[in-house]
Each structure stands twice: as C-alpha cells, then as structure tokens.
Amino acid sequence: MSKSLNLFAPAIGITALGLGLAYGLSSRQYGAQTIETLEIRVQQIEANAARASAEAQTAAEEAARLMSERDQFQQIATDAANASTSLTAPAPVVEGTYELGRAALGEELAAWDVDVLPDGRGLPEGRGDVYTGEEVFVEKCASCHGDFAEGVGNWPVLAGGFDTLADKDPVKTVGSYWPHLSTAWDYINRSMPFGEAGTLTPDETYAIVAYILYSNDLVDDDFELSHENFTEVEMYNSDGFVVDDRPELEYAQWRTEPCMANCKDTVEITMRATFLDVTPEGGGESVMNDATTGDGPVFSASDDTVATTATDETDGLDPTLIAAGEGAFRQCKSCHQVGENASNRTGPALNGMLGRTIGSVEGFRYSNVFQEANTAGEVWTPESLAAFLADPRGTMAGTKMTFRGVREEADIAALIAYLQSFED
Amino acid sequence: MDEFFKPSRRAFLRSGAAIAAGTVAGGAAAQGTPDPKITELQDWASYTGAGVDETPYGLPIKFESDVVRRNVEWLTASPISSINFTPIHALDGTITPQGCAFERHHSGAIELSKEDYRLMINGLVDRPLIFSYADLERFPRENHVYFCECAANTGMEWAGAQLNGAQFTHGMIHNMEYTGVPLRTLLREAGLEAAGDLSDKWVYVEGADASSNGRSIPMEKALDDVLVAFKANGEALRMEHGYPVRLVVPGWEGNMWVKWLRRVEVTDMAVQSREETSKYTDVYENGIARKWTWVMDAKSVITSPSPQMPITHGAGPLVISGLAWSGHGQITRVDVSKDGGITWETARLGKQGDTKALTRFYLDTEWDGSPMLLQSRAIDETGYVQPTKDQLREMRGENAVYHNNCIQTWFVNEEGIAENVEVS
C-alpha cells in the first residue's frame with residue numbers, strides 16, 4: 001500500500017520523464033520510418049500518457065483520501081487532547097498506516113471470534129434438548145448452580161425470580177432478568193464451566209441453555225434448542241431495560257448551585273454501620289455493630305429563623321411539625337412551589353391546598369384521574385392527602401406525579417402541617 | 001470508652017497506641033522531663049542499617065503492614081471471582097501504588113507473558129490484524145492519569161450504612177498514570193473503511209482469561225480517549241491489573257477496562273454480553289433496569305478522619321482530607337460539612353486540570369472536640385453536584401447495586417472515633 005502523497009509525487013515525475021524520453025528516442029531512431037508508423041507510435045504514447053495520467057489521478061485521489069482520513073483522526077486526537085490533560089503531547093497521526101502487526105489468518109479468527117450477537121449471528125450449527133441438557137448440567141454446572149439451577153451458596157441462581165424485580169431484593173436470573181438468549185449461549189460457551197472454560201461442544205452448550213430455559217418454565221420438557229430455532233425463543237424480560245437516562249432525569253436536576261448554609265433545620269443519625277469491624281484480624285465473619293441510632297447527637301441549624309417564620313400566620317399548628325415539614329418538602333421542591341409567588345411548575349402550586357377541590361388549580365393540566373376527582377367534587381383533606389402522599393400511584397392511578405411516595409408517617413404528618421400553614 | 005462507640009480492633013489498637021505515646025511524650029514535656037528518644041542514643045543512630053539490594057524490589061516498611069488491600073470474604077462466592085478494596089483511608093496524594101490498588105477478577109488473575117501475548121483486531125475492519133506485545137511498543141504512545149472505579153463501589157450502602165471504613169465503602173477505586181497506545185491508532189491501522197458510517201458502530205473488547213470478560217463500547221468513545229495500556233505508574237502492569245496489556249476507558253465503569261486484552265472487534269451492534277446485561281445494569285424500584293450506564297458520575301469521600309482513621313490528637317488543628325472524582329471531567333470544587341449537611345465549607349483542592357482522575361482535597365480546620373457528622377460533596381466541570389443518598393433513592397430506589405455516588409457521612413464522636421452512619 002502506498003504511504004503518502006510524497007511518495008506519489010516522485011512516481012508521477014518519473015512517468016513524465018519516461019514519456020519525454022520516448023518522444024526523443026522515437027524521432028531519432030525511427031526517423032526513416034513512415035509517418036504512418038510514427039503516428040501509431042505517437043498514438044500509443046499518447047494512450048500511455050493518458051493511462052499514466054489516469055493512474056496518477058487515481059493515485060492522487062487515494063492520497064487525498066488518506067490525507068483526509070489522517071486529518072480526521074488528527075482532529076479526533078486533537079479534540080481528545082484538548083478535552084483532557086495529558087502528561088505527553090498527543091500521539092501523532094501519520095498518513096497511511098505503520099505496517100505493524102500481521103494479517104490475522106482464517107483459523108485464528110475462527111478460534112477467537114466466537115461471540116454471539118443478539119440476532120443469532122455467530123452461532124455455530126448444533127442442537128441440544130432439555131433431557132441431554134439436564135445430564136450435562138448436573139455433571140458440569142450443578143456443583144455451583146444446583147441441580148435445578150437454584151444456586152449453591154453465593155453462586156448465581158439461574159432460574160426463577162419471576163416478578164421479583166420490583167421487590168426489595170430482586171432475584172435476577174436468566175429467566176427473570178436476562179433480556180437476550182444469545183447472552184446465555186455466548187457466556188456459557190466461552191466462560192463456563194468455571195475452571196474449565198472453553199471445553200463445551202456446541203451441542204452441549206445448546207443442551208445446557210435448553211435445560212436452563214426449562215428450569216425457568218420458559219419451554220416444555222420436550223424442547224430442543226438449535227441454531228435454527230434459537231432466535232424464536234422469547235425472553236421474559238426482553239422489554240425490561242431502558243438506555244441510560246441519567247442525563248434527562250438526573251443531570252438536569254443535579255446541575256445546580258448547591259446550598260451552603262442552613263440547608264437543613266436539624267440532622268439526626270438514622271442508621272449506623274451494620275458491620276463494625278469488617279475484616280477481623282482472625283478472619284471470618286465481620287463483627288456486627290451493637291450501637292443504636294438514638295445514641296447519636298442531634299445537629300441543628302444555628303439560624304433559628306428557619307423554624308419560626310411559618311408560625312406567625314398559622315393558628316393552632318405545631319411549629320415544630322411545620323418546621324419538619326419544610327425539611328421534608330425539599331423532596332417535592334423540584335416539581336412544586338408553595339408560599340409567596342408560588343406558581344405552577346411540573347406540578348401545581350400548593351397554596352391553600354387543604355380544603356380545596358382536588359385538581360382545581362387554575363392553569364394546570366391535570367391527568368385524567370385528577371380531572372375525574374375534580375368533577376366528582378372530591379376535596380383534599382388531611383386524610384386523603386396522607387393516603388396520596390404515602391402511595392401516589394396507588395391512590396390516584398394514572399397520576400402524572402412520578403414520585404414514589406413518602407415512606408415515613410412522621411414525614412407525611414409534617415408535610416401536611418407544613419402545607420396547612422400556607423393560605424390560598 | 002462508651003461501649004457503643006467501640007471502633008474496629010485495628011483502629012482501636014492504633015488509636016490506643018497513639019494516645020499512649022502521646023501521653024508519654026506530652027506528659028514528659030509538661031513536666032519538663034527530657035524525651036529519651038532524643039537524649040538517649042538510639043539503636044538506629046548507632047548501628048548500621050540495611051544494605052542496598054537487601055530488597056531488590058522494595059516493599060513498604062513493616063510499620064505500614066496494615067496498609068493493604070482487603071477482601072470481605074462473605075461478599076462473594078469465591079476469591080477467584082471476587083473483589084478487594086484499596087486502602088484509600090491510609091493513602092494521600094492522588095496516585096494509587098499498584099501493589100495496593102483494588103483487584104477484581106471474574107476467573108482469577110492469570111500469568112500471561114509478553115511473549116505469549118497476542119492482540120487481534122477484527123470484525124468490520126479492512127485488514128484483520130494480529131499484534132505482538134513488541135508491535136504495540138512501536139506505536140506512538142501517551143501518558144495519562146485516570147481513575148478506575150468499579151461500578152459496584154459503594155454498592156453495599158444502597159440499603160443503609162453497612163461497612164465501617166472508607167476502604168470498604170469507597171475502596172473499589174484506584175488512580176494510576178498509564179502509558180499506552182490510543183485505541184484509535186490501532187483501529188486505524190486495521191482500517192475502518194469497511195465499517196462505513198462510524199456513528200452507529202461499536203467495538204467489542206475481550207480479555208484473554210477464562211472469564212473472557214467482554215464489553216461493547218460505542219465507536220465514538222473508542223476513537224476518543226481509550227488507551228491500550230501496558231505500563232502503570234511507570235512500571236509494567238501487575239498481573240492482577242491485566243499484565244501485559246489492559247484497556248483504559250477513562251471515566252467509565254471499571255468492568256469495561258478489560259484486562260489481558262486479547263481482541264477488539266468492530267461490530268454493528270452491542271454484543272449484549274453477560275457483563276452488560278445480567279450484570280452492570282441498574283434495577284430501579286419499578287423493576288425496570290437501566291443499561292449502558294457507563295459514565296461514573298461525580299463522587300467524593302473523606303478518607304481521614306474515617307472509621308479506620310480516627311482522630312487521635314484531641315482538639316486543635318485538624319486536617320480533613322479526601323478524594324473526589326468525576327467521569328465527566330475535572331473536579332472544580334469540593335465542599336465539606338461538619339454538621340451533616342446543614343452548613344458547608346469549600347475545601348482546598350490539589351492540582352487543577354486532571355480530568356477523569358482523582359483530585360485530593362483538604363479542609364484545614366480547628367476541631368473543638370465536639371461530635372461531627374462529616375460529609376463531602378464534589379462538583380465537576382459540568383456543574384453536577386454529588387447527590388445525597390435520599391436524592392439517589394428517590395430517583396432509583398435501593399436495588400440498583402451499581403453507580404451509588406451518594407454523599408457519605410462519618411459520625412466522629414468526642415473521642416475522635418469515626419463511624420459510618422446515615423443521617424436525616
């Protein structure tokens with residue numbers, strides 16, 4: 001492969017020199033020959049020159065392409081260098097390549113390029129049924145994963161766990177969680193059995209995967225998996241994933257100037273380390289902590305105006321509770337405003353909320369369930385608000401409020417007291 | 001000592017020893033008794049010490065023998081597929097010495113010599129290539145400092161304060177100066193004409209160990225700042241970090257930093273390997289999981305005082321020290337609170353300009369001997385402010401396992417003993 005335009009330039013020069021010599025020689029040595037012969041020679045030479053010119057053109061285009069590609073990579077390199085500090089100047093980008101390394105051979109590619117894509121590309125021919133799979137599984141997999149793929153000790157559970165993904169401790173198995181069957185085939189083929197990776201035949205891998213599907217009740221006991229029906233298997237949780245949405249959901253909220261003073265009214269310890277000495281000298285289990293949260297001190301904001309501002313305009317409400325409510329309301333602030341000049345944001349303004357008809361704030365576009373409550377004349381009471389705050393989507397199915405709910409009853413009471421302190 | 005505030009035995013022994021020593025020296029000074037360490041001839045000032053070459057490759061002095069990586073046995077099924085923790089509580093500056101930088105293996109650390117090493121570039125490239133280790137050393141190379149953080153760092157803490165020590169809550173991180181070849185140089189050597197439009201292409205990177213850990217990386221990142229590294233902190237990579245060659249994927253989760261890198265395949269879709277579907281995906285409260293959550297968001301932790309680093313000197317001048325980092329670029333500011341987040345002070349940062357690297361911060365302060373709830377909060381160049389645990393839980397619930405970058409709280413009592421807690 002040609003290296004650069006600099007290499008092409010001399011080549012074009014040499015071609016031109018050759019053409020000039022050809023003309024000179026032809027007129028001297030073949031002077032006695034007929035004009036016709038000369039004309040043929042000239043035509044040939046002209047043809048050669050045209051071809052050479054075309055070649056030179058192609059070569060120049062190739063050189064230009066390489067230059068452009070080089071520039072493109074140089075730009076990427078420069079951008080990367082500008083975006084980050086480097087202890088060395090960025091690596092240069094040459095035209096063409098370094099001609100390092102050697103061509104990969106077919107056998108080598110076949111040996112290492114064995115990954116399987118979600119659409120089944122990369123699967124070798126083969127097949128295996130549930131019965132065979134059970135035999136292979138019991139022999140090669142069960143010591144860690146259990147005879148029924150239920151997992152031994154801390155080793156992964158491969159079956160079951162359906163409908164647990166929203167629970168406190170989700171059980172993420174091939175059946176309940178894995179979105180693509182190709183992942184199971186690929187991983188078992190390349191990385192299992194643990195300590196004997198790469199020893200399974202394609203048929204054994206098909207059989208093991210068939211057995212794992214069966215263990216998850218995703219196929220019947222007479223099922224046979226092969227390269228032919230592989231992509232027909234539907235995975236339970238194939239729709240269970242979204243691409244990283246932190247930029248929209250989190251960065252948008254958390255790229256703000258943070259509070260520096262009086263950021264909270266009070267701070268208490270709510271939980272203490274479970275394991276006190278994590279790695280005891282003698283090894284073994286970590287030492288548990290016997291301390292309780294009540295043992296810790298309570299920190300308060302030194303500025304006591306925080307707790308008193310709301311009390312002036314409220315009758316019979318507990319100022320401490322209102323102050324606590326103001327603290328709890330921070331979790332609502334990203335969507336709701338309350339107090340002087342409060343306006344509708346993602347959620348409606350909340351002044352004078354208690355005693356008001358549900359869904360009645362002017363100018364706010366409510367969800368259907370709120371519009372229905374409004375039509376029915378339902379009113380916000382401490383009780384209905386408490387129920388809503390504890391489980392928004394449970395009490396008002398279809399609400400646009402994506403908040404998961406307030407966990408602590410004390411926080412709910414405090415929030416209601418706080419909201420009660422704001423007149424319409 | 002209040003039994004509720006019992007520190008770990010090691011912390012206790014260290015603080016006890018320090019307090020004892022302080023009592024002797026301080027008491028002696030108060031009584032005007034000369035310090036025998038000064039007035040009496042000491043062995044080390046009289047006898048000769050170790051000769052050169054006594055330890056051809058030096059190790060830390062025996063007094064630092066407790067500054068080591070630690071594994072929490074019960075966290076994983078087997079140390080072969082497990083993780084340990086960098087002793088960040090005992091380090092200062094920013095560079096992590098290789099010998100105490102955390103390890104994460106899926107099928108154990110392997111011994112792969114430079115002579116046996118091969119790197120294949122294949123898939124949608126013009127020329128599938130094989131490089132030897134010696135080939136890699138002939139490409140222009142760069143030096144960069146980057147942090148590598150496991151996506152599961154602080155993962156135990158989602159459900160509440162668990163492990164008592166910065167090493168255990170935040171120690172799945174290290175920060176090294178890497179020497180390597182930009183991945184884009186190698187991709188260009190193999191040629192990307194065959195890949196056509198690069199905007200929707202991927203590279204699949206794979207390790208040579210039995211786990212054959214593989215991850216899909218978008219082409220844009222692959223061409224940006226990814227390094228094929230063979231040196232760390234000036235010397236060869238350690239076995240446990242992928243000797244002789246590992247991938248460095250700046251700012252992105254550690255699992256993608258494939259060790260013993262053996263293959264880079266250009267593909268037209270993500271492979272959806274085990275490590276990017278069944279693991280390293282974040283399940284949220286409703287059971288839906290986020291995938292492709294590659295970037296490690298801004299995070300910080302106070303390393304001293306901390307549970308393994310109690311205050312042993314009593315009231316007076318105190319250096320509060322810690323680490324901050326962001327996968328989005330530079331750390332621009334770190335705030336420290338002593339009262340659990342009511343008030344914040346801005347800390348002093350180390351060297352400016354490092355991107356996707358650890359930044360050291362100090363708050364040089366006076367301790368009055370009263371209890372503290374210590375927190376730190378990092379802000380990066382995008383303006384992102386490290387969130388509280390409550391903010392993260394509100395957004396994601398408690399089952400995400402990965403990407404917990406919450407503000408950490410240490411409760412320091414009157415005696416200077418620190419404990420991992422959660423606060424209101």
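How many helices and strands does chain A have? Chain A has 14 helices and eight strands. The views below come from a predicted model, and each legend takes you to one spot in it.

**Figure 1. Chain A as a whole.**
Here is a first look at chain A, with its 14 helices and eight strands. Of its 424 residues, 38% count as buried. The accessible surface of chain A comes to about 23200 Å², and carbon and sulfur atoms account for 52% of that area. Among the contacts in chain A with a separation of 6 or more, 53% are between residues 24 or more positions apart.

**Figure 2. Helix H7 of chain A and what covers it.**
Is H7(A) largely enclosed or largely open? Of its 14 residues, 10 are buried, so H7(A) is largely enclosed by the rest of the structure. The buried residues include Tyr206(A), Ile208(A), Val209(A), Tyr211(A) and Leu213(A). Among the elements that cover them are strand S2 (127-129) and helix H4 (130-140) of chain A; helix H6 (181-191) and strand S3 (224-226) of chain A also belong to this cover.

**Figure 3. The two sides of helix H7 in chain A.**
Stay with H7(A) and look at what lies before and after it. In the loop between H6 and H7 of chain A you will find Pro193(A). A cis peptide bond joins Met192(A) to Pro193(A), with omega about -5 degrees. After the helix comes Asp217(A), whose phi is positive, near 60 degrees. Both features are worth a second look, because most residues other than glycine have a negative phi, and most peptide bonds are trans.

**Figure 4. Strand S3 of chain B and its two partners.**
Strand S3(B), residues 118-123, is joined by four bridges to strand S4(B), residues 129-132, and the two run antiparallel. Together S3(B) and S4(B) form a hairpin, with five residues between them. Which residue of S4(B) stands opposite Met120(B)? That residue is Ile130(B). Four bridges also join S3(B) to strand S12(B), residues 261-267, and this pair runs parallel. In that pairing, Asn122(B) stands opposite Glu265(B). Strands of a sheet pair through backbone hydrogen bonds, either parallel or antiparallel.

**Figure 5. A sheet with strands from chains A and B.**
Seven strands make up this open sheet, in the order S8(A)-S5(A)-S23(B)-S22(B)-S21(B)-S17(B)-S18(B), and their pairing is antiparallel. At the edges are S8(A), residues 298-300, and S18(B), residues 345-346, each of which pairs on one side only. Within the sheet, four bridges join S21(B), residues 372-380, to S22(B), residues 409-412.

**Figure 6**
The structure holds 28 aromatic pairs over all chains. One of them is the stacked pair of Trp292(B) and Trp294(B), which lie 5.8 Å apart centre to centre, with 15 degrees between the planes. Trp292(B) counts as buried because its relative accessible area is 18%, under the 20% cut-off. Trp294(B) is buried too, with a relative accessible area of 12%. Over the face of Trp292(B) lies Lys291(B), at 4.3 Å from the ring centre. Elsewhere in chain B, Arg377(B) lies over the face of Trp344(B), at 4.0 Å from the ring centre. In chain A, ring pairs link Phe364(A), Tyr366(A), Phe370(A), Trp380(A) and Phe388(A) into a cluster.

Begin in the loop between strand S15 (299-304) and strand S16 (316-325) of chain B, where Pro305(B) lies. The peptide bond from Ser304(B) to Pro305(B) is cis, with omega near 0 degrees. Next comes Gln272(B), in the loop between S12 and strand S13 (282-283) of chain B. Gln272(B) is not a glycine, yet its phi is positive, at about 60 degrees. Is Gln272(B) buried or exposed? At 7% relative accessibility, Gln272(B) counts as buried. The last stop is Val401(B), in the loop between helix H7 (389-396) and S22 of chain B. Val401(B) has a positive phi of about 65 degrees, although it is not a glycine. With a relative accessible area of 31%, Val401(B) is partly exposed.

Notes. Residues are numbered from 1 along each chain as its sequence is written. Chains are lettered from A and ligands numbered from 1 in the order in which they are written. This is a predicted model: local features need pLDDT of at least 70, side-chain atom pairs count only at pLDDT 80 or more; totals for chains, interfaces and linings use all residues. Side-chain values use heavy atoms; hydrogens and water are left out. Two strands pair if DSSP finds at least two bridges between them. Buried means under 20% relative accessible area, exposed over 50%, partly exposed in between (1.4 Å probe, protein chains only). Contact means heavy atoms within 4.5 Å. Accessible areas come from the Shrake-Rupley method with a 1.4 Å probe; for residues, only the protein chains shown count as cover. Rings of Phe, Tyr and Trp (its six-membered ring) pair if their centres lie within 6.5 Å; planes under 30 degrees apart count as stacked, over 60 as edge-to-face and the rest as tilted. A charge sits over a ring if NZ of Lys or CZ of Arg is within 6 Å of the ring centre and within 35 degrees of the ring normal.
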